Amino acid sequence: RTPTRSRHSSCESTNVTGMEWAGNHAKPKTRPAVVEWVGLVNQSDKTMPGSKNFESSDLCLAAGIFLAVLAVYTLASPGRIDTYDGQVRYELTMNWVTMGRPVIRDPALAHTLSAATGKKGFTYSVYGSGALVAAMPFVWVGTLYDDPPGEATRSLFSLTTSVFGALAAGVLYLFYTKLGVPAKKALAWTGIAAFATLMWPASDSTFDNGQHACLVLVAVFLG
């Protein structure tokens, strides 16, 4: 008669615990292929675009880009308010800093389409508070030595968007490097974006479009 095979014979068999039997000794079962595939995927994720960790050299270069672009934007800025919208926002910011209310006190601006009468007879504007808050530090510094009155505060107010434009250049460089672009190419494309697009004139204007562009870029970068 044909001999029967037992679990403890020299023939190998697999039990429900995931162990292979070889004679009277148990050895771990071979790792499934799917586990090896997951490990390879996890390793490849570290080299995919967008997974790069910033080095100190990248951060230092981004800070240098910010300072360099800010210097160019500041030197090219007219240093004055060049639009009606800018004058209204300056009036609101200045009064918010000095009297605690974002109101219009200039009679020439109080009867325009952007003005609206609120409670207690104060005249407010339709402009949002974001651009006003962004300019408040610059206006406050101008009040420390505003002689003749209004000149220093207006000049510093006009530089608000220049700071945001320079910040956008630094963030853009980090964005490029995070996507895997080599440092030299990232620096070149950042320079093109800062000096060969509408970002330059927008940053030297009292319009707040440059501020919007910077905040959108930062949101996408962090998102």
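Visitor: Which residues are buried in α8?

Guide: This is a predicted model, so keep that in mind as we go. In α8, the buried residues are A186, T190 and A194.

Visitor: What makes those residues line one face of the helix?

Guide: Look down the axis of α8: its buried residues fall within an arc of 65°, so they line one face. There's a handy rule behind that: an α-helix has 3.6 residues a turn, so residues three or four places apart point the same way.

Visitor: And what sits on the face turned away from the buried side of α8?

Guide: That face carries K184 and K185, which are exposed. As for the buried residues of α8, what covers them includes α2, α7 and α9.

Visitor: How do you know that the length of α8 agrees with what a helix should span?

Guide: Count 1.5 Å a residue, and the 13 residues of α8 should span 18 Å. The end C-alpha atoms of α8 are 18 Å apart, so the two agree.

Visitor: Which residues of α10 are buried?

Guide: G210, Q211, C214, L217 and F221. They cover an arc of only 130° around the axis, so they're on the same side of α10. On the face turned away from that buried side you'll find L215, V216 and V220, which are exposed.

Visitor: What do the buried residues of α10 pack against?

Guide: They pack against α5 (129–143), α7 (160–178) and α9 (199–203). F175 touches L217, V220 and F221, leaving out residues up to four places away in sequence. F175 and L217 are 42 residues apart in sequence, yet 9.0 Å apart in space, C-alpha to C-alpha.

Visitor: What is in the largest nonpolar core?

Guide: It has 21 residues, and those with the most contacts inside it are V69, Y173 and L217. The elements giving two or more residues to this core are α2 (56–76), α7, α8 (183–195) and α10. The one that gives the most is α7, with nine residues. Take Y173: not counting residues up to four places away in sequence, Y173 touches D58, L61, A62, I65, A183, A186, L187 and T190.

Visitor: Why is S125 called buried?

Guide: Buried means under 20% relative accessible area. S125 has 16%, so S125 counts as buried. You'll find S125 in strand β5 (residues 123–125). Leaving aside neighbours within four places in sequence, S125 is in contact with V88, L92, I104, S114 and A115. The side chain of S125 also reaches the backbone nitrogen of Y127 at 3.4 Å.

Visitor: Why does Y127 count as partly exposed?

Guide: Y127 has a relative accessibility of 23%. Partly exposed lies between the buried limit of 20% and the exposed limit of 50%, so Y127 gets that label. Y127 is in the loop between β5 and α5.

Visitor: What makes the link between Y127 and D85 a polar contact?

Guide: The cut-off for such a pair of N or O atoms is within 3.5 Å. The side chains of Y127 and D85 come to 2.4 Å, and that pair is a polar contact. Leaving aside neighbours within four places in sequence, Y127 is in contact with D85, V88, R89, L92 and S114. With R89, the C-alpha to C-alpha distance is 7.4 Å, although Y127 and R89 are 38 residues apart in sequence.

Visitor: What makes the bond between D147 and P148 a cis peptide bond?

Guide: Omega is about 0° for the bond that joins D147 and P148. P148 has its place in the loop between α5 and α6 (151–157).

Visitor: Where does pLDDT stay under 50?

Guide: Over residues 6–14, for which the model has 19 contacts beyond four places in sequence.

Terms used: Residues are numbered from 1 along each chain as its sequence is written. This is a predicted model: local features need pLDDT of at least 70, side-chain atom pairs count only at pLDDT 80 or more; totals for chains, interfaces and linings use all residues. Side-chain values use heavy atoms; hydrogens and water are left out. Buried means under 20% relative accessible area, exposed over 50%, partly exposed in between (1.4 Å probe, protein chains only). Helices (H or I, at least four residues) and strands (E, at least two) are DSSP runs, numbered from the N terminus. The arc is that of the directions from the helix axis to the C-beta atoms. Contact means heavy atoms within 4.5 Å. A polar contact is a pair of N or O atoms within 3.5 Å; within protein, one must be able to donate a hydrogen and the other to accept it, and residues adjacent in sequence count only if both atoms are side-chain atoms. A nonpolar core is a set of buried Ala, Val, Leu, Ile, Met, Phe, Trp, Tyr and Cys residues joined through side-chain atoms within 4.5 Å. pLDDT is the predictor's confidence in each residue, from 0 to 100. The expected span of a helix is 1.5 Å times one less than its number of residues.
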